[in-house]
Amino acid sequence: MINYTEHTLANGLTVLAHHDIDTRMAAVNIVYKVGSRNENPDKTGFAHLFEHLMFRGTKRIPDFDKPVQEACGENNAFTGNDYTDYYITLPAENIETALWLESDRMTGLDITKKALETEKKVVIEEFNQRYLNQPYGDMWMLLRAMAYKVHPYRWATIGMTPEHIAGASLGDVKEFYHRWYNPSNAILSIAGDISEERAIRLAEKWFGGLKGEKLPVRRLPVEPLQSEARRLEVVRPVPATSVTVAFKMGGRLDRNFFDCDLISDLLAGGASARLNQSLVKEQGLFSAANAYVSGDVDPGLFIITGHLLPGVTVARGEAAIWSELDKLKNIPVSDYELEKVKNKFEANTIFGELNVMDKAMNLGFYKMLGDMSLLNGEVDIFRSINAGEVIEAARSTFRPETSSTLIYHPEKH
Amino acid sequence: MAMRINERPPITVPGKIDICQPGSRVLANGVALHVLNCTDQDVARVSFVFRAGTAFQRTPFSASSAANLMAEGTKSFTAQQVAERLDFYGSFYEVSLDRDYAVITFVSLLKFFMQTLEIAREILLLPIFDENEIAIYCNKRKQRLAVERSKAAFQAREIFSQSIFGPEHPYGVSYPESYYDDVTREGLVEFYERRYTAENCFVVCSGKLDATTIDAIAALAGDIPHGENSGPGNFPAPHSIRSKYKKYDGAVQSAIRIGKLLFTRNHPDFVPMQVVTTILGGYFGSRLVHNLREEHGYTYGVYSAMANLEHAGYMAIATEIATEATRDALEQIFAETERLRNELVDPQELDMVRNIMTGEVMRVLDGPFGIADVTIENIQNGNGNDYLDRFLDTVRSITPEQVRDTAAKYLDKDSFTIVVVGDDPSGGTFGLEK
């Protein structure tokens, strides 16, 4: 349970504050409502490259990290499909250093040609390290391109290809910054050993002087309903055959999201869950199997994935996955099993908000989603789902004609 | 509209870290129980720490298999029943294993903690090591290890340990995946009975704990059986080699590990070396990050740190570098170590590093469980929680001269072991031994 105060500045900046008396630390989190889904299809990976550039200094403060570190702080950021998140944690008495830095880079970024060129190389190395030089590293790239044909979720946040990153220009940087980085497109959340009233006052002090801009409305292309099963088989230098099946599911605010989230816990929410018990232990087909939801704001993906044990055919592995899905569609889940995943969800929720960074990040995330009642309300939603609803959701979600199947075959030596 | 302000706010560096001291008692069987009662959140955690790391195993994979299979079937419950119960209570059960220790941790909401302890009792005291579960586990692990070993960075880590300790040394050895086929029930039972004993154990609990809960933990910990207090056994002197190149066909990046054996945490130069490795590569914006990432764009990340084991300590630098930049990156890394040995660190830079290290300690302590991890580490090193204040005193009092002299003493280029896993485009070995 996170209590908070909300306030909107005249320039449009949303401020959320939570007083945590259990700590000496504070966390300052800023969400910008822009992610890879807002990119031009010819310039993918740009939102993430831009996030890197936010650490390359402004006219007034040439080095962003140094003042944070001098204040005993730590900072980082991540880019998603829907939003970009920046955070700083530091001793509460130094909170103004974080606000000073964040307000400065919200409008004062100063990127040189050299900084851009170096950062492009860094991001290409990130591409190499995390996606190309890893077994199964390109799984999400392949899956997205197969499952989405129109919506920008068809590419991963890192981008479709390193060439798009290499092609980014200073002009692109300026345009993107001007368009998306301003108070009216941002959410500031503060959690820590500081009263909510003072946090709001400090937000006014440091951000009140920034000019707000009206945001251009950007309509994203709507992904047409999928009506045919899709399939891709690739050969890669991987040690084991992997089977992945993805289904279209509801957006983050859709009731179907919560149904699917619960179903993913039935399948894979712990050692006792169905995929581990059935596919790994009883049938001995997979060395590991998992199910999860992508959690995107727009309609996302429900993923089931596993590594086959040696000697098991792809057909057999796939059939076993579909048979688990058929059970979900036809056999009502027991009260005991429902209660189990609900308990687990409640515990996960509480364990996911134990320190100041979790709390500040959660505040920003739910505000970005646009429904603050979910911040402390998701456990109740989970608790309200019954066996009939699970069957309905399974039937409407796990249909062959909305599935995309990806197989990795190991190279033969 | 308010005036735009941009003058820099003043900074306060927190003084003493007011860390919670555990209440400790020794149970009848000799197990020490440490209680950290310092949160208002309705959660609880207990960690059972055993000197049961891989260095103690007599047959390959027996330490990790024993630790991980304790929950896969007990006297009263099948593996599935154990898993069902833990999941039903929303409890977390975690096994963490290193060369020296196995740490078995249970975390749950306060309202389910007593039930969680009942399962913990079964797992810790009554595992049966069922043959069928062992077979499933070994198949799974064998494949997982193969997946890990297909990553250049993982290979580099294993080869680095072999290269600084020696391929047979308990801290250096790694085994082929196929050795999972030879894991036997007898081997696991032997390991469990020898290492999961009162003589090898201490317990740390934290959360919002009342007397009844603490008594229940004490009752469980007090039932851990006696056994022989066997030492580490065969602990030969390490033997380091200078360099090792392993070809990884088609690698777009080289995984690099550079480092050397030094000393354990209680050596007087350990903390000064922590400062040195932090300046070198211990934070974002460190000298190596600045050079290799921000100036050259050779890498997404580079890191250096001191590592501490029971009988040895070492320093290591780790990075993944664009293949074509590998040779220059190696030169840049040694240029940075030489600079630390020969030039005084700027007082402002040193101040910043002190503050980073102070902030790091505070961050680890944030939340109800960080304190438990810190306490475990301190006990393992023979220290109390007042160690943190002594650590920070040393960090705060170190001078630029001491930093330089420490670096000069330990960062001699010719004393390093260099490991590269990659694909030298010239067909060579980046100048390293094969």
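Colleague: How many residues does the contact take from chain B and from chain A, and how do those of chain B divide?

Modeller: In this predicted model, the contact takes 60 residues from chain B and 63 residues from chain A. On the side of chain B that touches chain A, elements supplying at least two residues each include α2, β5 and α4 (131–149). The residues on that side of chain B divide into 28 nonpolar, 18 polar and 14 charged.

Colleague: What are the ipTM and pTM of the model, and what is the mean pLDDT of chain B?

Modeller: The model scores ipTM 0.91 and pTM 0.94. In chain B, 97% of the residues reach a pLDDT of 70 or more, and the mean is 94.

Colleague: Which elements cover the buried residues of α9(B)?

Modeller: The buried residues of this helix are B:Arg287, B:Leu288, B:Val289, B:Asn291, B:Leu292 and B:Arg293. Their cover includes an element of the other chain as well as elements of chain B. Among the covering elements are α8 (270–281), β9, β10 and α10 (326–342) of chain B, together with α4 (113–132) of chain A.

Colleague: Which residue just after α9(B) takes a positive phi?

Modeller: The phi in question is about 65 degrees. The residue that takes it, just after α9(B), is B:Gly297.

Colleague: What do the buried residues of α3(B) pack against?

Modeller: Helix α3 (residues 113–125) of chain B has 13 residues and reaches 18 Å from its first C-alpha to its last, close to the expected 18 Å. Its buried residues are B:Phe113, B:Thr116, B:Ile119, B:Ala120, B:Glu122, B:Ile123 and B:Leu124. They pack against β3 (43–50), α2 (79–88), β5 (102–109) and α7 (211–222) of chain B.

Colleague: Is B:Phe129 buried or exposed?

Modeller: B:Phe129 is in the loop between α3 and α4 of chain B. Its phi is near 50 degrees, a positive value in a residue other than glycine. The cut-off for a buried residue is 20 or more other C-beta atoms within 10 Å. B:Phe129 has 22 of them, so the residue is buried.

Colleague: Is A:Cys72 buried or exposed?

Modeller: A:Cys72 lies in the loop between α2 (65–70) and β4 (74–79) of chain A. Its phi is near 65 degrees, a positive value in a residue other than glycine. Because 28 other C-beta atoms lie within 10 Å, A:Cys72 is buried.

Colleague: Which element gives the most to the side of domain 1 of chain A that touches domain 2 of chain A?

Modeller: Chain A is divided into domain 1 (5–207) and domain 2 (230–410), and their C-alpha centres are separated by 28 Å. Across the boundary, 32 residues of domain 1 of chain A are in contact with 25 residues of domain 2 of chain A. The elements giving two or more residues to the domain 1 side are β2 (14–19), β3 (25–32), β5 (84–91), α5 (139–147) and β6 (186–192) of chain A. The one that gives the most, with six residues, is β3(A).

Colleague: Which element gives the most to the side of domain 1 of chain B that touches domain 2 of chain B?

Modeller: Chain B is divided into domain 1 (23–222) and domain 2 (243–422), with C-alpha centres 29 Å apart. Here 27 residues of domain 1 of chain B are in contact with 29 residues of domain 2 of chain B. Elements giving two or more residues to the domain 1 side are β2 (32–36), β3, α5 (152–165) and β6 (201–207) of chain B. With nine residues, the element that gives the most is α5(B).

Colleague: Which residues have the most contacts inside the largest nonpolar core?

Modeller: In soluble globular proteins, nonpolar side chains tend to be buried together. The largest nonpolar core of this model has 251 residues. Leaving aside neighbours within four places in sequence, A:Ala360 is in contact with residues including A:Ala27, A:Val28 and A:Tyr87. The residues with the most contacts inside the core are A:Val28, A:Ala360 and B:Val203.

Colleague: Why does A:Leu267 count as buried?

Modeller: A:Leu267 lies in helix α9 (residues 255–268) of chain A. Leaving aside neighbours within four places in sequence, its contacts include A:Ala273, A:Leu275 and A:Ile304. A:Leu267 counts as buried because its C-beta neighbours inside 10 Å number 24.

Note on methods:
Residues are numbered from 1 along each chain as its sequence is written. Chains are lettered from A and ligands numbered from 1 in the order in which they are written. This is a predicted model: local features need pLDDT of at least 70, side-chain atom pairs count only at pLDDT 80 or more; totals for chains, interfaces and linings use all residues. Helices (H or I, at least four residues) and strands (E, at least two) are DSSP runs, numbered from the N terminus. The expected span of a helix is 1.5 Å times one less than its number of residues. A residue is buried if 20 or more other C-beta atoms lie within 10 Å of its own, exposed if 12 or fewer, and partly exposed in between; C-beta atoms are placed from the backbone. Two residues are in contact if their C-beta atoms, placed from the backbone, lie within 7 Å. Ala, Val, Leu, Ile, Met, Phe, Trp, Tyr, Cys and Pro count as nonpolar, Asp, Glu, Lys and Arg as charged, and the others, Gly among them, as polar. Domain bounds come from an automatic or database domain assignment. pLDDT is the predictor's confidence in each residue, from 0 to 100. A nonpolar core is a set of buried Ala, Val, Leu, Ile, Met, Phe, Trp, Tyr and Cys residues joined through C-beta atoms within 7 Å.
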